[in-house]
Amino acid sequence: MPVSRSTPSRKDGPAESSAAHDTFSFQLIGQRGVGKTVFLAAMGAHIEQFDEIGLKSADPQTERQLAQVLQFIRTRGIYPPATDRTIPFNFDLYRGRRRICRFRWEDLPGETCQLWDEGFNRSTKRSSGGLLFVDGHALLNDPGYRRNLDELTELLLPIVNLVKLNGLHYPLALVLTKCDLIAPLTPELKDVLRQRLSPVRRCLERHRSRYEIFYSSLALVNDGPGRPARLVVGDGQSALLWLIEEIQSRRQLPALARLSRWLGLGRRTPPGLLQQI
Amino acid sequence: MTTTLPSATVGLSLGQLLYTSFPGRGFQLVHAGVPSTASCAFVEQIVHRRWNPYDPPAPGSSFAYLLQLDAQQTLFGWLFDGGCDEHARSHIPYFLAYSLCGPLDSRRLDSIFACLHKGPLLLPLRRWPLTLDALSATRFRSYRPAAPGVGALVQVRTLAHSRLRRGEILDLFFGTPQSASVRPSLPWAAGGTRET
């Protein structure tokens, strides 16, 4: 198992360090090329737009990385290159000048998302919840993608086992990426996608894991030579907001309660809302 | 072009390192004839320092580097544009390096600069599994480069020699970012499979 708990009385997820009690880390699980980096960049840019609650890059490195990814997309009109190492992103929640808590996730190369990878296990151990990425376009159109689902399920199994055996709370957001390629995303199409996700869903349900499915649409629009490309984001932040809501529902942390109120959780952003970055 | 790594390196063998993305495997380091400390240093001190996946150089750019790990171990090589991976993502880095074991003197430094300018002996394909071999220095006496190299400016070479004389560790990275339209494409970029 990837995790050894140092504080067995706590039932709030595999997060290991009490020193980092105000840091909420989310583990990313996804294979190469599924779209983790572009999803994170879009989500980071989105949450930075919540000016009223002051969610900002926590360090110059995060600020620079976010700017670089978005600049790459805008100026070159293509999705970002492959990530070849683990790169952390930290965002701080501020109210006025007061820092309330920190959100952290790591952009992982897909090849490190393996049970035997030390770095992957370490970041799982530190996390309060996870985002599991599945290629929505391939799920719908590539019969061979079933093998990828089986690999993902194999990867999930020890994590959800740990959660179940220890009575932990570890919400998992299942993010179907590249949904702009299969638009329009009708209710019927969503049913088909949910059906095809059944190997993963069965694993989660068997272990009574908390999960929800999100449909990520990050369309790259090129308006012609010399003009910056646009990333049209459909409902990009819902997965993060759901994770926050899930953690707050169990842990009742004052910082998260305030955040929940400010973000209006429970009255989530209407699905299908499009924004441009 | 005539050769370079010659008399100063007779009897030596050079280790070989390649860091790039392989279809179905992703980023991997393959090496031969290189101590593990040197292969770790290659990834940490060259690859991670010189490659930013969020801000890669323009397609077609080539760079050269030289890093002295200590008095007995020197790494030198090239960073080429590796083209696209199997997910059609561009800007795949292709770090190819040689590892020279033994003290670095002025003649060897000149030989290394000449080799960097001329280009690599082999250009291993991004095909998994890949096995590399250590290279005998005699193979560098006369060879057709598998890809165009990167020349160092006179100022860079002069600076390197004066640092070497002062006993300072060398850590160089040079090259000119160029567009693909200016620089000829490497074999894989054109869909070819040349391995000299």
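Two residues are in contact if their C-beta atoms, placed from the backbone, lie within 7 Å of each other. The views below show a predicted model, in which local features need pLDDT of at least 70 and side-chain atom pairs count only at pLDDT 80 or more, while totals for chains, interfaces and linings use all residues. Residues are numbered from 1 along each chain as its sequence is written, and chains are lettered from A and ligands numbered from 1 in the order in which they are written.

**View 1. Chain A as a whole.** Among the contacts in chain A with a separation of 6 or more, 79% are made by residues 24 or more positions apart. The secondary structure of this chain comprises nine helices and ten strands, where helices (H or I, at least four residues) and strands (E, at least two) are DSSP runs, numbered from the N terminus. Of the 277 residues in chain A, 44% are buried, a residue being buried if 20 or more other C-beta atoms lie within 10 Å of its own, exposed if 12 or fewer, and partly exposed in between.

**View 2. Chain B as a whole.** Chain B holds three helices and seven strands, which follow one another along the sequence in the pattern β-β-α-β-β-β-α-β-α-β. Buried residues account for 39% of its 196 residues, and 73% of the contacts in chain B with a separation of 6 or more join residues 24 or more positions apart.

**View 3. Where chain A meets chain B.** In this view, 17 residues of chain A are in contact with 16 residues of chain B. The side of chain A that touches chain B consists of eight nonpolar, five polar and four charged residues, with Ala, Val, Leu, Ile, Met, Phe, Trp, Tyr, Cys and Pro counted as nonpolar, Asp, Glu, Lys and Arg as charged, and the others, Gly among them, as polar.

**View 4. Strand S1 of chain B and its partners.** Because nine of the ten residues of S1(B) (residues 13–22) are buried, this strand is largely enclosed by the rest of the structure. Two strands pair if DSSP finds at least two bridges between them. S1(B) runs antiparallel to S5(B) (residues 93–101), to which six bridges join it, and Leu18(B) stands opposite Leu96(B) there. With S6(B) (residues 135–136), S1(B) pairs in the antiparallel sense over two bridges, and Ser13(B) stands opposite Ser136(B).

**View 5. The hairpin of S1(B) and S2(B).** Seven bridges join S1(B) to the antiparallel strand S2(B) (residues 26–32), with Tyr19(B) opposite Leu29(B). Three residues lie between the two strands of this hairpin, and Gly24(B) in the turn has a positive phi of about 80°.
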